[in-house]
Amino acid sequence: MWAKKGARNFNDPAWQKEKTDEDIFKATAEGIPDKKMPAYKDKMKPEEISAVVKHIRTLGPKQG
C-alpha cells in the first residue's frame with residue numbers, strides 16, 4: 001500500500017547505497033512533505049533519530 005504512495009523499500013540495495021546516513025537522518029528529522037512523511041524532530045531526540053537510521057541500515061542487504 002505505501003509503495004503505491006511513494007514510500008521507499010528500505011530493503012532495496014540501490015536505495016541503501018544511494019542514501020547516506022545524513023540523508024536518512026534529515027528526512028526523518030525534517031520530514032518529506034511531498035511524500036506525506038511528517039517531521040519527527042519535535043517528537044524524537046537526535047539520538048533516537050540516529051537509532052532509527054541504524055535500524056533502517058539493518059534492513060538492507062547483508063554485507064560480507
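In which helix is glutamine 16 found?

Analyst: Glutamine 16 is found in helix 1, residues 13–18. Helices here are DSSP runs of H or I with at least four residues, strands are E runs of at least two, and both are numbered from the N terminus.

This is a predicted model: local features need pLDDT of at least 70, side-chain atom pairs count only at pLDDT 80 or more, and totals for chains, interfaces and linings use all residues. Residues are numbered from 1 along each chain as its sequence is written, and side-chain values use heavy atoms, with hydrogens and water left out.

Start with the setting. The protein chain holds 3 helices and 0 strands. Its pattern along the sequence is α-α-α. The chain has 64 residues, and 16% of them are buried. Buried means under 20% relative accessible area, exposed means over 50%, and partly exposed lies in between (1.4 Å probe, protein chains only).

Glutamine 16 belongs to the buried group, with a relative accessible area of 10%. A polar atom of its side chain lies 2.9 Å from the backbone oxygen of isoleucine 56. That is a polar contact: N or O atoms within 3.5 Å, where within protein one must be able to donate a hydrogen and the other to accept it, and sequence-adjacent residues count only if both atoms are side-chain atoms. Isoleucine 56 is also among the residues in contact with glutamine 16. Contact means heavy atoms within 4.5 Å.

Phe10 leads to the next feature. The structure holds 1 aromatic pair. The ring centres of phenylalanine 10 and tryptophan 15 are 5.0 Å apart and the planes meet at 45°, so the pair is tilted. Rings of Phe, Tyr and Trp (its six-membered ring) pair if their centres lie within 6.5 Å; under 30 degrees between planes is stacked, over 60 is edge-to-face, and the rest is tilted. Tryptophan 15 is buried at 6% relative accessible area. Phenylalanine 10 is partly exposed, at 29%.

The buried residues of helix 2 are Ile24, Thr28 and Ala29. They span an arc of only 125° around the axis, which puts them on the same side of helix 2. The arc is taken from the directions from the helix axis to the C-beta atoms. An α-helix has 3.6 residues a turn, so residues three or four places apart point the same way. Their cover includes helix 1 and helix 3 (46–58). Glu22 and Lys26 are exposed on the other side of helix 2.

Threonine 28 lies in helix 2, residues 21–30, and is buried at 7% relative accessibility. A polar atom of its side chain lies 2.8 Å from the backbone oxygen of isoleucine 24. Leaving out residues up to four places away in sequence, threonine 28 touches Met37, Pro38, Ala39, Tyr40, Lys41 and Ile49.

After helix 2 comes glycine 31, with a positive phi near 80°. Lysine 36 has a positive phi of about 65°, although it is not a glycine. Lysine 36 sits in the loop between helix 2 and helix 3 and is exposed at 76% relative accessibility.
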